[in-house]
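The tour moves from one stop to the next.

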Amino acid sequence: MMYLRWKKPELKRPFKLALVVPVIFTLCCIFIVVLSFVEAPEHSGYGLLINALGIPVYLLFIYRKNRPKTYIDFMEKATISLQKLMFVVAQETLVGEEETRKQLMSDDRQNQVLESEIENT
């Protein structure tokens with residue numbers, strides 16, 4: 001929040017908040033983390049290790065830009081299924097994402113038309 005306020009002050013904010021609130025919250029969080037490492041370094045180290053194991057997962061499945069189409073299709077179907085299961089609304093997409101999705105969908109439709117024409121011949 002503080003970063004966006006500094007880097008992009010023109011963005012519309014859904015609610016206003018005094019700057020002191022996020023600063024106090026951040027300081028409290030830092031205090032809790034440092035205190036846990038002081039009091040129980042072994043258990044805190046295990047927690048840090050578990051969190052660190054998520055880094056390769058993030059790099060492989062989220063950060064990577066050139067994902068296979070099967071992965072994109074699977075994630076799209078999983079997202080829609082979970083949204084239906086949990087009764088949530090669909091995620092808003094960015095303009096670039098929407099164009100990419102439309103392109104992928106049109107490619108799929110073209111492939112389906114070609115496959116149906118091949119089957120009919």
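Start with helix H2: select residues 20-39. This helix gives the largest share of the nonpolar patch, eight residues. Helices here are DSSP runs of H or I of at least four residues, strands are E runs of at least two, and both are numbered from the N terminus.

The model is predicted: local features need pLDDT of at least 70, side-chain atom pairs count only at pLDDT 80 or more, and totals for chains, interfaces and linings use all residues. Numbering runs from 1 along each chain as its sequence is written, and side-chain values use heavy atoms, without hydrogens and water.

Now select the patch itself: Met2, Leu19, Val23, Leu27, Ile30, Phe31, Ile32, Val34, Leu35 and Val38. Together they make a nonpolar surface of about 920 Å².

Pick valine 34, in helix H2. Valine 34 is partly exposed, at 47% relative accessible area. (Buried means under 20%, exposed over 50%, partly exposed in between, with a 1.4 Å probe and protein chains only.)

Next, the cysteines. How many disulfides are there, counting cysteine sulfur pairs within 2.5 Å? The count is zero. Cysteine 28 is in none; its nearest cysteine sulfur, on cysteine 29, is 7.0 Å away. Cysteine 28 is partly exposed at 41%. Cysteine 29 is also partly exposed, at 32%.

Finally, zoom out to the whole protein chain. Of the 121 residues, 3% are buried.

Note on methods
Patches are made of residues with over 30% relative accessible area and no salt bridge: like charges are joined within 9 Å, nonpolar side chains (Val, Leu, Ile, Met, Phe, Trp, Tyr) within 5 Å. Accessible areas come from the Shrake-Rupley method with a 1.4 Å probe; for residues, only the protein chains shown count as cover. A salt bridge is a side-chain nitrogen of Lys or Arg within 4 Å of a carboxyl oxygen of Asp or Glu. A disulfide is a pair of cysteine sulfur atoms within 2.5 Å.
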